[in-house]
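This note is intended for a reader meeting the structure for the first time. The points below go from the whole chain to a single residue.

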Amino acid sequence: MEWDYVIKNGTIVTPGETYQANLYIKDGKIAAISGEPLEGTAKKETDAEGKYILPGLIDVHVHSRDPGPTYKEDFFTSTQAAAAGGITTIFDMPNTTPPTRDIESFHAQVANLTPKAHVDFGLWGICLGHMNNKDIPALAEAGVIGFKYFWGYAINKKTFQLTYNYKAGMDDVIPPFSDGEVYEIFQNIAKTGKVLAVHAEDSSLILKLTEKVKENGGTDYDALLEGRPNLAEEVTIQMGLSFSQASGAHLHVLHVTTAEGVDAIQQAKAKGSPVSAETCPHYLFLSNEDYPKIGPVMKIYPPVKYEKDKKRLWRGINDGTITIISSDHAPHTPEEKNGDLWSIPAGMPGTETMVPLMLNAVNEGRITLQKLTALLSENPAKRFGIYPQKGSLEVGTDADITIVDMNKESIIKAENLHSKSKITAYDGWHIKGLPVETIVRGETVMKNGEIVHKPLGHVVRPKN
């Protein structure tokens, strides 16, 4: 037998077990896993002694801006950043220009992104209510990974882009949907069997509270949180859970930030609800107390909250309430992030720093490496219908592999990011534990922090 690639002497880690073995790759698939050397020659061989072999890691929440404001980011650079961060598959969010809203835009987006993709990718479909309800079945059949609804946001009539600071009477803007219109979205997605992911913030509450904060002259980060309080997430999650139960839609709550949100999801799960939830590194490693040091780079929607919320999120991870970690990679330029807190855009890059931050947390004893593998690989693959093709180390599945060195140390530097956007809240952070090789379907894309392969990514479609 001639193997394409043999990774020997590494320690394989899955959510259920850790063991030393050799891994054999042939034709882009895992061909064998053996504790003893197998006969044959290898075109390529790596000695992974002292390192850990994980099933390829997945980032389910990436905004690549392509097509759209590609001066901030494009798919070539976002997937380079993902590969540099140990990610083998990303799910790209649909608020592009145009958005992925019908079967024509889905196929156009696949054609647009494939030549630029350094990793494999899935596409989210957007929910625009009455503007694309009729297109939902065809989008589901075409192979979107799931559907996203930006709850509470107004929509531009011409571009279908989100309007973040809506005020009544705006020209060419459709106001945020009523509860009845939102429930209709839940009903339509339920019929497809796909996951419906929601950005959970109550816009009407935020609008009224923010007006009051501004009237009182609030300009600091605590003023921002006063205008976008924990309550805004809590009430939206509660409504989403009720709509999910009534409609049968499979609800996924994006970027959970609050203790109240975790509690609500935990209670719903205890009653048998099929809800799932994710959170992001910025909610796990930052709080409002960090803003004076980090500054406007830290502005993200939903915003980073309080220490009590951070602690509850970690407990939610370890008790199984939160089952997925994502980056919510949302690049902007340094110039755009330099201004007053009310006017600058929300978001920052994250797909490259997510895995190093989480590996550092493993070294600090916050979670185990097996738990991390579940959060970043098996759980998202299962939730979105691409397991075991992705998210596993099984014979016959895609040879997507992330090799990590838990002893390797580094300093996160904004200037070294592969994203076009050279900003991060973690600039200067010391990290112990790094991805050292990213393998996509048997091909090494990243080696020791460097991109070493041209684009090779394929679109991934759920099986169901």
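1. What share of the contacts in the protein chain with a separation of 6 or more comes from residues 24 or more positions apart? In this predicted model, such residues account for 73% of those contacts.

2. As to secondary structure, the protein chain contains 13 helices and 22 strands.

3. On overall dimensions, the C-alpha trace of the protein chain spans about 70 × 50 × 45 Å along its principal axes. The radius of gyration of the protein chain is 21 Å, which agrees with the value near 23 Å that a compact globule of 464 residues would have.

4. Burial and surface may be taken together. Of the 464 residues of the protein chain, 60% count as buried. The accessible surface of the protein chain amounts to about 17500 Å², and carbon and sulfur atoms contribute 49% of that surface.

5. Regarding charge, the protein chain carries 47 positive and 58 negative charges.

6. One residue is described individually. Asn360 is located in helix α12, which covers residues 354-363. Is Asn360 buried or exposed? Asn360 counts as buried because its relative accessibility is 13%, and the cut-off for buried is under 20%.

7. Which residues does Asn360 touch, not counting those up to four places away in sequence? With that exclusion, Asn360 touches His430, Ile431 and Lys432.

Key: Residues numbered from 1 in each chain as written. Predicted model: local features only at pLDDT ≥ 70, side-chain atom pairs only at ≥ 80, totals over all residues. Heavy atoms only, no water. Helix = DSSP H or I, 4+ residues; strand = E, 2+ residues; numbered from the N terminus. Rg over C-alpha atoms; globule rule 2.2 N^0.38 Å. Buried < 20%, exposed > 50% of the residue type's maximum accessible area, 1.4 Å probe, protein only. Contact = heavy atoms within 4.5 Å. Areas by Shrake-Rupley, 256 points an atom, 1.4 Å probe, with all protein chains shown as cover. Lys, Arg positive; Asp, Glu negative; His and termini not counted. Charge placed at Lys NZ, Arg CZ, Asp CG, Glu CD.
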